[in-house]
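Take a first walk through this protein chain. The tour begins with one residue and its partner, then widens to the whole.

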Amino acid sequence: MQQLLRALVSGVIIAFFVSIMGFFSTALAKEKVKIAFIGPLTGKHEKMGASCKNAFMLAVNQWNASGKNKYQYEVVTLDDECVPAKGVQVATKAAADPTIVAAAAHYCSMVAISTTDVFHKFGLPNVVWGAVLPDITYGNDFKEISRVNGTQVEQNKFNATLVVDKLGFRKFVIIHDTTDYGRGHLKYFEAELKARKAEILGVYGVTIEQKEFSTILSQIKSLNPEVVYFGGLTPSGVLIKTQMDKLGIKAQFLGTSGIKSDDFNTTLGANAEGVICMLDGAPVSSLKGGPEFAAAYSKAYDTPIEAYAPFAYSAANVIMKAVEKVGPDRAKLAEAIDKTDTEDIIGRIHFNEYGQNDSALVTAYVSQDGKWVPWDESEYASKKRMLPGIALKKGVAWQNPYKH
């Protein structure tokens with residue numbers, strides 16, 4: 001009987017301590033904070049969206065595992081499909097959810113420019129991670145809108161500096177898609193060419209749904225340009241370059257960040273050789289913390305690190321640093337993010353009075369043996385290989401140096 005009584009008392013004591021420990025464990029549990037990632041997770045640009053979502057998730061997982069975080073972060077992922085109407089729909093969904101305190105949204109400029117009013121109306125801070133149209137930040141005074149990557153202004157200035165000032169090209173044709181994104185590239189590249197008194201032989205607008213370009217390309221061939229500049233995204237760029245080659249257009253193909261994707265090279269293969277494009281920021285390998293980021297990404301995911309993945313990673317860190325500082329309050333977060341001045345893998349992030357990162361860099365890339373190689377590290381920069389456009393200028397046949 002005495003043993004039974006002791007067992008009962010011990011059981012009560014143990015149950016008491018278990019309940020007390022459970023109470024304190026619950027009391028000490030970190031508050032959960034939801035942040036949203038929005039990008040093209042299906043459609044033509046799903047590989048870019050998936051890679052950037054993975055980079056965003058990597059940053060969140062690292063914060064949650066650090067032990068230094070005050071809050072436990074959860075990610076809500078939403079697919080904008082790179083379609084403005086869909087972007088507005090999912091941005092509204094995120095903004096209308098009071099449990100979501102901030103977002104990192106959009107690769108496609110035509111989507112990002114369509115959602116600025118939504119984020120402002122609902123007071124949801126949005127850190128843009130990929131869209132480059134200047135008006136996304138410069139076209140309003142919304143504290144809720146900021147951007148870690150650069151804009152078309154910096155890209156096209158750098159573009160013209162390389163191809164006109166350094167490489168000596170003077171005769172250009174411009175093809176641009178007719179979205180806000182494409183028209184923006186037209187505006188800023190055209191201005192840079194005119195400032196250098198380069199000759200613009202023709203300007204052609206194309207739709208993003210267009211598949212056949214032979215009519216305008218035949219006209220372009222007759223103009224005999226040294227460079228064909230394309231202000232648009234990978235799917236259209238691949239089709240235009242393919243049809244240029246079929247028509248025997250020997251001009252240098254020059255793009256923007258819109259074609260800086262793994263798909264451009266894998267789809268075109270040897271026909272991508274010698275194509276030049278520009279991208280915000282420095283190569284991942286030369287970023288501060290870039291090799292560590294690449295190693296952690298590759299360990300966690302089996303998808304390539306696409307062009308804007310480091311920016312999505314940095315956007316997540318900007319948001320979480322602000323939450324740790326002022327708490328999960330939208331209004332306070334908008335103010336804190338607006339005052340961002342920090343270091344991340346993309347370098348210094350400092351938002352000016354428009355919410356634009358004014359420390360953005362630009363790097364030129366050239367397709368070499370099926371990979372995007374930073375221009376300064378390429379065999380084209382060292383003149384071991386000759387660009388198609390340089391061969392045209394010199395009046396010699398271009399021998400494709402592509403190596404499998």
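Start with Arg 196, which is buried because its relative accessibility is 17%. Buried means under 20% relative accessible area, exposed means over 50%, and partly exposed lies in between, with a 1.4 Å probe and protein chains only. A word on the basis: this is a predicted model, where local features need pLDDT of at least 70, side-chain atom pairs count only at pLDDT 80 or more, and totals for chains, interfaces and linings use all residues. Residues are numbered from 1 along each chain as its sequence is written, and side-chain values use heavy atoms, with hydrogens and water left out.

Arg 196 has a partner. Asp 165 and Arg 196 form a salt bridge, with their closest N and O atoms 3.0 Å apart. The pair links distant parts of the chain, 31 residues apart. Asp 165 sits in helix 6 (residues 152-166), while Arg 196 lies in the loop between helix 7 (180-195) and strand 7 (199-206). Helices (H or I, at least four residues) and strands (E, at least two) are DSSP runs, numbered from the N terminus. Asp 165 itself is partly exposed, at 47% relative accessibility.

What makes a salt bridge? It is a side-chain nitrogen of Lys or Arg within 4 Å of a carboxyl oxygen of Asp or Glu. Side chains of opposite charge can pair when their charged atoms come close. The whole structure holds 11 salt bridges.

Lys 241 and Asp 245 meet at 3.0 Å, N to O, in a salt bridge. Both lie in helix 9 (residues 234-247), four residues apart, about one turn of the helix. Lys 241 is buried at 9% relative accessibility. Asp 245 is partly exposed at 29%.

Next comes a network. Arg 385 forms a salt bridge with Glu 379, and their closest N and O atoms are 2.8 Å apart. Salt bridges that share partners join Glu 273, Asp 369, Glu 379 and Arg 385 into one network. Arg 385 is buried, with a relative accessible area of 7%. Glu 379 is partly exposed at 26%.

Asp 369 is partly exposed at 24% relative accessibility. It has a positive phi of about 55° although it is not a glycine. Most residues other than glycine have a negative phi. Glu 81 also has a positive phi, of about 60°, and is not a glycine. Glu 81 is found in the loop between strand 2 (71-79) and helix 3 (84-95). Its relative accessible area is 33%, so Glu 81 counts as partly exposed.

Now turn to helix 12 (residues 309-326), where Asn 317 lies. Asn 317 is buried at 7% relative accessible area. Which residues does Asn 317 contact, leaving aside its neighbours within four places in sequence? They are Ala 59, Trp 63 and Asp 344. Contact means heavy atoms within 4.5 Å.

Finally, step back. The chain has 14 helices and 14 strands. Its C-alpha atoms fill a box of roughly 105 × 45 × 35 Å, taken along the principal axes. Of its 404 residues, 53% count as buried. Among contacts with a separation of 6 or more, 69% come from residues 24 or more positions apart.
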